[in-house]
Amino acid sequence: MEVFLGDLSAFKRPRKGLAGQMGRWGLVLVLAYAAVALATPLLLQAGWLGDPNNGLDSPIYAPPSLAHWCGTDRLGRDVCSRTLAGSGVALQVVVFALGLALVIGVPLGMLSGYLGGAVDRLLVLLMDTLYTLPVLLLSLVLAFLLGKGLPNAAAALCVVYVPQYFRVVRNQSAQIKADLFVEAARSLGAGPLWILRHYLFRNVITTVPVLLSLNAADAVLVLGGLGFLGLGLPESVPEWGSDLQQALGAVPTGIWWTALYPGLAMFILVLGLSFLGEGLEDWLSGASSDVHGSPR
């Protein structure tokens with residue numbers, strides 16, 4: 001009883017160290033971006049922020065000032081408004097893409113690992129084929145075929161990350177289906193759907209949050225790369241990658257603000273998501289070691 005209570009107290013103890021601090025900072029940064037994404041439409045509607053697509057009333061390439069805190073771009077559009085609006089666009093595309101990847105990849109991985117046989121071999125072959133293709137190359141081809149648009153960009157990113165969730169969940173499902181509690185449930189008459197829903201899902205879903213946060217950081221970069229190459233979102237949608245592409249020609253002339261702010265916004269978001277993934281991995285590994293008993 002004392003050993004069991006000691007394990008529970010260790011599970012409840014907060015994880016300390018560099019990874020834990022990184023996770024907390026990552027959570028703060030991601031929540032800050034989410035708050036900005038929610039507040040930006042309200043600020044635009046209230047008139048406290050200028051229209052990110054309207055540049056007729058402002059001079060082009062105006063440096064940062066009280067009128068335009070981050071300056072204006074080559075069309076006279078406010079860089080601050082476009083950068084803030086771009087955070088909401090990036091989060092929408094990433095959440096939509098990774099949500100679809102989860103909905104597709106996790107069930108397929110569970111079915112493949114549990115059923116095995118020809119279904120498993122066929123799905124593994126398909127997913128391994130997609131997994132071997134470079135992420136940016138595959139997303140470029142899909143974005144070119146689907147065309148510009150927020151749903152199309154999300155779909156292009158979704159296909160890229162489905163194989164990763166499939167591989168992780170499939171390998172864990174194949175291991176867990178041989179455990180005694182699954183065999184006992186099967187001997188008592190539990191069907192495949194019951195076992196998948198009540199036993200496999202709860203055990204395989206624990207590692208998904210870490211992969212989700214790391215994939216989100218990668219998806220922000222891939223979306224920026226698509227926008228930089230002109231294959232991401234329509235020009236009317238504020239997006240960091242397209243803004244960086246338009247600012248590329250002005251940087252050598254000393255016009256630094258058009259590239260600094262969208263690039264810095266993308267960098268900090270990727271950093272926050274990466275930190276969050278490291279913190280989640282440390283917390284989950286610590287919880288697992290505490291539950292199974294750590295050496296004293």
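In what order do the elements of the chain run from the N terminus on? They run α-α-α-α-α-α-α-α-α-α-α, and the secondary structure comes to eleven helices and zero strands.

Hi everyone, a quick word on the model. It is a predicted one, where local features need pLDDT of at least 70 and side-chain atom pairs count only at pLDDT 80 or more, while totals for chains, interfaces and linings use all residues. Residues are numbered from 1 along each chain as its sequence is written, and side-chain values use heavy atoms, with hydrogens and water left out.

Now the overall picture. Along the principal axes, the C-alpha atoms of the chain fill a box of roughly 75 × 50 × 35 Å. Of the 296 residues, 41% count as buried; buried means under 20% relative accessible area, exposed over 50%, and partly exposed in between, with a 1.4 Å probe and protein chains only. Take the contacts in the chain with a separation of 6 or more: residues 24 or more positions apart account for 74% of them. A contact means heavy atoms within 4.5 Å.

Let's move to helix H6, residues 150-176, and its packing against helix H4, residues 117-132. The angle is about 135°, and the axes are 9 Å apart. That makes H4 oblique to H6. For the cut-offs, angles under 35 degrees count as roughly parallel, over 145 as roughly antiparallel, 65 to 115 as roughly perpendicular, and the rest as oblique. The axes are lines fitted to C-alpha atoms, for helices over the stretch in contact, and angles run from 0 to 180 degrees between N-to-C directions. H4 passes H6 in a left-handed crossing, meaning the near helix is turned anticlockwise from the far one by less than a right angle; clockwise would be right-handed.

Which residues of H4 and H6 meet? Among them are Asp120, Leu123 and Met127 in H4, and Val159, Phe166 and Arg170 in H6. By class, this contact of H4 with H6 has nine nonpolar, one polar and four charged residues. Ala, Val, Leu, Ile, Met, Phe, Trp, Tyr, Cys and Pro count as nonpolar, Asp, Glu, Lys and Arg as charged, and the others, Gly among them, as polar.

Asp120 deserves a stop of its own. This H4 residue is buried, with a relative accessible area of 10%. Not counting residues up to four places away in sequence, Asp120 touches Ser112, Gly113 and Arg170.

H6 also packs with helix H9, residues 208-228, at an angle of about 150° and with the axes 11 Å apart. H6 and H9 are therefore roughly antiparallel to each other. Here H6 passes H9 in a right-handed crossing. The residues of that contact divide into twelve nonpolar, two polar and one charged.

Is Lys177 buried or partly exposed? With 24% relative accessibility, Lys177 counts as partly exposed. Leaving aside neighbours within four places in sequence, its contacts include Gly113, Tyr114, Glu183 and Leu200.

Last, the cysteines. A search of the whole structure finds zero disulfides, a disulfide being a pair of cysteine sulfur atoms within 2.5 Å. For Cys80, the nearest cysteine sulfur is that of Cys70, 3.9 Å away. Cys80 counts as buried at 13% relative accessibility, and Cys158 counts as buried at 4%. Thanks, everyone!

Definitions and conventions: Helices (H or I, at least four residues) and strands (E, at least two) are DSSP runs, numbered from the N terminus.
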